[in-house]
Amino acid sequence: MIKLLALFYEIRVTRIIVETIRNLLKPMLNLCGVLFVIFYIFAVLGMFLFGGLITKNNEIIQDNSSIPDNYHLLNFNDFPSAIMTMFPLMVVNNWMVIVDMYVAVYGKSSISVRFFFYIFYYLAVIIGINITVAFIIDMYSSVERLDKERT
């Protein structure tokens with residue numbers, strides 16, 4: 001099996017991908033650290049603002065047909081749930097459905113709820129994920145250019 005991996009390394013595209021991943025390991029730890037700090041701050045803030053609001057038996061969630069059945073699991077009731085709620089928000093998976101659920105349940109001021117999620121969107125998606133993707137693309141093109149110069 002190891003010899004098969006060595007054979008894959010001889011294929012140019014595979015070699016470039018492996019070298020890109022190898023070169024990205026250390027810098028990606030720094031970028032993941034920044035994303036973790038953003039997640040941590042917003043998870044703690046979300047637990048303070050929304051802790052205990054989203055439950056399975058919440059009538060507002062049950063009566064709203066636009067909210068899927070299992071979205072009560074996306075809550076800020078504890079730290080692991082808060083982190084798991086932040087991930088679909090970061091990858092923008094039904095982002096507006098989640099925000100609308102919190103706006104409906106919070107009820108007091110929809111502007112402050114939306115502001116919380118917009119700030120998280122800006123920091124995690126616009127800045128964090130875009131910098132990560134740009135860094136990966138830049139590293140891939142650098143490795144590809146170096147590989148062309150060697151051959």
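**View A. Salt bridges in the predicted model.** The count comes to four salt bridges, each a side-chain nitrogen of Lys or Arg within 4 Å of a carboxyl oxygen of Asp or Glu. In one of them, Arg12 meets Asp147, with 3.2 Å from N to O. This pair links distant parts of the chain, 135 residues apart. Arg12 lies in helix H2, Asp147 in helix H6 (residues 110–150). Helices here are DSSP runs (H or I, at least four residues), numbered from the N terminus.

**View B. Crossing of H2 and H4.** The axes of H2 and helix H4 (residues 79–90) come within 9 Å and cross at roughly 115°. Axes are lines fitted to C-alpha atoms over the stretch in contact, with angles from 0 to 180 degrees between N-to-C directions. H2 gives Phe39, Tyr40, Phe42, Ala43, Val44 and Met47 to the contact (heavy atoms within 4.5 Å). H4 gives Phe79, Ala82, Ile83, Met86, Phe87 and Met90. By class, the contact has 12 nonpolar, no polar and no charged residues; Ala, Val, Ile, Met, Phe and Tyr are among those that count as nonpolar.

**View C. A nonpolar surface patch.** The patch covers about 1200 Å² and includes Met1, Phe8, Val13 and Leu25. Its residues have over 30% relative accessible area (Shrake-Rupley, 1.4 Å probe) and no salt bridge, and nonpolar side chains are joined within 5 Å. Helices H1 (2–10) and H2 (12–50) each give two or more residues. H1 gives the most, with five. Ile21, also in the patch, is found in H2.

**Notes.** Residues are numbered from 1 along each chain, and side-chain values use heavy atoms, without hydrogens or water. In this predicted model, local features need pLDDT of at least 70 and side-chain atom pairs 80 or more, while totals for chains, interfaces and linings use all residues.

Definitions and conventions: Patch = residues over 30% accessible without salt bridge, like charges linked within 9 Å, V, L, I, M, F, W, Y side chains within 5 Å.
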